[in-house]
Amino acid sequence: MFLLRRYTKRSLFSISNPHFRAFNESTIRHFTSLEPLQSFDSNPSTKGDYFAAINHVVNVVRREIHPERSLNRLRLPVTSEFVYRVLRATSRSANDSLRFFNWARSSPNYTPTSMEYEQLAKSLALHKKYESMWKILKQMKDLSLDISGETLCFIIEQYGKNGHVDQAVELFNGVGKTLGCQQTVAVYNSLLHALCEVKMFHGAYALIRRMIRKGLKPDKRTYSILVNGWCSAGKMKEAQEFLDEMSRKGFNPPARGRDLLIEGLLNAGYLESAKEMVNKMAKGGFVPDVQTFNTLIEAITKSGEVDFCVEMYYTACKLGLCVDIDTYKTLIPAVSKIGKIDEAFRLLNNCVEDGHKPFPSLYAPIIKGMCRNGMFDDAFSFFSDMKVKAHPPNRPVYTMLITMCGRGGKFVDAANYLVEMTEVGLVPISRCFDMVTDGLKNSGKHDLAMRIEQLEVQLRGV
């Protein structure tokens, strides 16, 4: 029944539907004065209207049977930035993006730029619409528009992900004649990624040798792609031999070989092997770099081994590793979730001693953990300290605290935080109002419940 209703003449999504008529009229008025986004920086309401208009056009393109009729009725001032934003928003459906772009090109005042062409080409490549993609690229060449290396790399990698390695190699070999691009290190890396996707490691080796002959120096991604490929195939020995061979030839990777191997094992899902390698490094007095360390503890915490991560953190710090804020963003929520509040406070103090100012995603998990353990008074006191010493709490933090108070039966405290939230200019979600008013009424505090209801009416304007 839904599908039948959707495609009727007076459809639920139709531009002529009376339910949307008021919105459409205001949208049309806004379209007549639509300007680039840069001019809206000082006016948030105008910026909101701009994106609301884009969202409306996206809905028309996605849902209308004949979107061209509705778009013509909107009297759109078609601009390059506007077309790009719509194409990016409709990138999940290559056909919708292509149809909108063809409509936009029919506008006499619009001349497409390489930005819109490249966005459309990426969408078509992502959805395996290669014939249409090449037509778009040919149009770019006919208009003397340059194709960026980023777009070229994206297309080559998409060929590899879909198993079309021959097409990827053909595109790589013909980038100079066909598209007028250069074979840079990034382009080599993209073809290397495509070859590793289908386990053609001998071809990947040949490509690296060709890269060196052309005078190009491999970068960290070059090594990472091949090491990740070997590790995903379960060939740890070959990955190590590749790094040793490149070192003998004088091409040492920007990152240490062991770090690349650890990241390769993590990407391939060999968590235990990565942990074993890190333990061996620690026993030898070595630690991975901070980026590899953060990747490792993030993967391990997701598997539930939080204690191992905390122990590894202290060991790495003793060995001289300077952790960054991302390390604490992983560890503090993890230890708070399993109820180790004291450990979370120690980590937070270490974070402050390292020169970082606590922000909501650091102290909110601790507050939530204390509430789960029934330590509401300590949570309220800590929250008050954070308002003074750290970054001000945002809407999600207030929502979390009000929710935890409601779950713990602290409805009066929840009501106080609800009022405090509105005083700092944050609008609570409807669920918080409903939970607080229902809890107060069930507790016999009808006067306070009535005040909360009046506050909601005042904020919502209903």
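Which residues does Ile367 touch, not counting those up to four places away in sequence? They are Ala379, Phe382, Phe383, Met400 and Leu401, where contact means heavy atoms within 4.5 Å.

A word on the source. This is a predicted model, in which local features need pLDDT of at least 70 and side-chain atom pairs count only at pLDDT 80 or more, while totals for chains, interfaces and linings use all residues. Residues are numbered from 1 along each chain as its sequence is written, and side-chain values use heavy atoms, leaving out hydrogens and water.

Ile367 belongs to the largest nonpolar core, which has 133 residues; such a core is a set of buried (under 20% relative accessible area, 1.4 Å probe, protein chains only) Ala, Val, Leu, Ile, Met, Phe, Trp, Tyr and Cys residues joined through side-chain atoms within 4.5 Å. Among the members touching the most others are Val57, Phe100 and Ile367. The largest share of this core, 8 residues, comes from H12; helices here are DSSP runs of H or I, at least four residues, numbered from the N terminus.

Helix H12 (residues 185-197) packs with helix H10 (residues 165-173) at about 165 degrees, the axes 10 Å apart; axes are lines fitted to C-alpha atoms over the stretch in contact, and angles run from 0 to 180 degrees between N-to-C directions. The pair is therefore roughly antiparallel, a term for angles over 145 degrees.

Finally, Ser144, in the loop between H8 and helix H9 (149-161), has a positive phi near 60 degrees. Ser144 counts as exposed because its relative accessibility is 62%, and the cut-off is over 50%.

Methods. Helices (H or I, at least four residues) and strands (E, at least two) are DSSP runs, numbered from the N terminus. Angles under 35 degrees count as roughly parallel, over 145 as roughly antiparallel, 65 to 115 as roughly perpendicular and the rest as oblique.
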